[in-house]
Amino acid sequence: MDKRFQIHRLDNGIRIIHRQVKSTKLAHCGVILNVGSRDETLEQQGIAHFWEHMAFKGTNKRKAYHILNSIDAVGGELNAYTSKEKINFYASTLVEHFEKSVDILSDLTFNSSFPVKEINKERSVILEEMSLYRDDPADAIGDEFDEMIFPNHPLGRNILGTIDSVNSFEQQDFFEFIHQNVNTHEVVFASVSNLEFEKVVALGEKYFSHIPEVKNEKSRIPFTGYQPIVVERKKPITQCHVMMGAEAYELHHEKRMPFFLLTNLLGGPAMNSRLNLGIREKYGYVYDITAGSSAYLDSGQFSIYFATEEKSLNKCLKLVDRELSKLREKKLGVQQLRAAKQQIMGQIAMSGESNLSIMLGMGKALLDKEKFETIEEVFQQIKDITSEDLLDVANEIFAKDRLSTLIYRSEIKQ
């Protein structure tokens with residue numbers, strides 16, 4: 001562990017990880033819990049995300065207004081997110097308001113009261129959120145693609161849940177979900193500011209040490225048996241939307257870094273990605289085309305997404321296949337490999353300029369890997385990648401016979 005990152009464990013198992021950055025006047029901190037939508041039962045679909053919303057709606061000592069006003073009133077930001085495997089509550093303020101952030105985060109994470117009146121109001125908000133996602137084909141296709149890659153498995157379920165499940169939740173359901181899934185030994189309080197580590201630990205002790213220790217050993221269902229599938233659907237849309245991909249490497253897999261580099265080369269955010277140059281820039285068939293990946297503790301996913309006119313769909317599919325074939329059949333040259341490494345290291349370095357991103361990454365990494373890798377360590381892993389590594393990954397993940405495809409076609413007559 002880099003000495004710039006210091007860790008302290010409270011008696012109840014909650015860990016504090018801090019990075020001191022003397023040049024900043026802002027303090028970023030968050031509570032990261034190793035709980036997510038994959039921990040829900042079939043009947044609980046969407047309750048983790050619903051809990052994230054409800055945490056701001058009242059605690060045993062604060063009403064919703066006092067929670068929402070506390071950080072906003074001093075020009076800060078209070079926010080949260082839910083993923084398949086994590087829930088994160090976090091705040092950013094001027095450093096002089098850091099203690100206020102710690103107090104609020106501790107309270108809303110561990111003392112939420114889930115007022116019945118607020119549950120009913122927030123239920124409507126979440127149902128509206130679900131409608132927004134369903135009405136946007138770019139979002140809807142991503143959710144359905146998850147179900148295709150991970151059928152009949154928690155990783156394939158929509159984080160928002162279903163209309164029926166969201167309508168069914170009552171106050172006791174939230175308390176039961178928390179009781180079943182929260183383990184204080186799998187909770188991290190992460191912090192980045194100019195404060196000394198001793199000050200952060202003292203405030204951590206003050207606001208988190210009273211939380212009762214819980215050793216709740218939950219068992220996550222591993223995913224097995226991926227099978228490629230091709231699905232087409234008619235939708236009331238004007239363009240065709242396409243996602244294609246496959247199951248990929250889990251978080252700790254030795255090929256994760258070569259896969260990350262290869263995916264970035266293929267369809268990362270840079271305008272010179274192979275998919276962007278070969279389809280958007282050369283032919284103008286798409287506005288945007290990207291490749292990405294997700295990594296979980298026991299599985300992962302690779303995907304390509306684009307939208308295009310019906311008349312260009314088959315041409316785009318052939319061009320995507322051509323780019324994947326190139327990566328499967330031909331090793332990168334020395335200059336190509338060097339350029340790909342330089343590009344991704346530059347992108348990582350720029351993302352590392354965000355102290356908020358660093359804070360969020362620290363907590364997740366400590367839970368997932370029991371350490372936080374420094375940028376130097378990550379760069380060394382990238383430098384060690386060979387052309388043979390990339391060819392091996394391409395033939396494993398991009399194999400034509402293991403790719404799934406989901407196509408939304410327009411049902412509107414042009």
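Predicted model: local features only at pLDDT ≥ 70, side-chain atom pairs only at ≥ 80, totals over all residues.

1. In total, 24 residues line the second largest pocket, and Y133, D139, G142, D143 and D146 are the closest to its centre.

2. Several elements contribute to the second largest pocket. At least two lining residues come from each of helix 1 (47–54), helix 4 (116–135), helix 5 (137–149), strand 9 and strand 10 (300–308). In terms of class, the lining of the second largest pocket comprises seven nonpolar, ten polar and seven charged residues. Domain 1 (5–209) and domain 2 (230–410) each contribute at least three residues to this lining.

3. The largest pocket has a volume of about 1600 Å³. Its lining consists of 42 residues, and those that lie nearest the centre are G361, K369, F372, E373 and V378. Sorted by class, this lining holds 17 nonpolar, 13 polar and twelve charged residues.

4. Which elements each supply at least two residues of the lining of the largest pocket? They are helix 9 (256–267), strand 9 (286–295), helix 12 (334–351), helix 13 (355–369) and helix 14 (375–383). Helix 13 accounts for the largest share of the lining of the largest pocket, with eight residues.

5. The position of the largest pocket relative to the domains also deserves mention. Because domain 1 (5–209) and domain 2 (230–410) both give residues to its lining, the largest pocket lies between them.

6. Rolling a probe the size of a water molecule over the atoms shows where empty space is left. The search of the whole structure finds one cavity of 30 Å³ or more. The volume of the largest cavity is about 30 Å³.

7. The largest cavity is lined by L262, L327, K330, K331, L332, S387, L390 and L391. By class, five of these lining residues are nonpolar, one is polar and two are charged. Helix 15 gives the most to the lining of the largest cavity, with three residues.

8. Helix 15 also takes part in a helix pair. Helix 11 (residues 313–329) packs against helix 15 (residues 387–397) at an angle of about 130°, and their axes are 7 Å apart. Is helix 11 oblique or roughly antiparallel to helix 15? That angle makes helix 11 oblique to helix 15, because only angles over 145 degrees count as roughly antiparallel. The crossing in which helix 11 passes helix 15 is left-handed.

9. Helix 2 (residues 64–72) and helix 3 (residues 98–110) pack with their axes 10 Å apart, at an angle of about 155°. Helix 2 is therefore roughly antiparallel to helix 3. Here, too, the crossing is left-handed, with helix 2 passing helix 3.

Methods: Residues numbered from 1 in each chain as written. Heavy atoms only, no water. 1 Å grid on protein atoms, 1.4 Å probe; cavity = no way out; pocket = protein on both sides within 12 Å on 5 of 7 lines; lining within 4 Å. Points joined across faces, edges and corners; volume = space filled by probe spheres on them. Helix = DSSP H or I, 4+ residues; strand = E, 2+ residues; numbered from the N terminus. Nonpolar A, V, L, I, M, F, W, Y, C, P; charged D, E, K, R; others polar. Domains from an automatic or database assignment. Axes fitted to C-alpha atoms, helices over the stretch in contact; angles between N-to-C directions. Parallel < 35°, antiparallel > 145°, perpendicular 65-115°, else oblique. Left-handed = near helix turned anticlockwise from the far one by under 90°.
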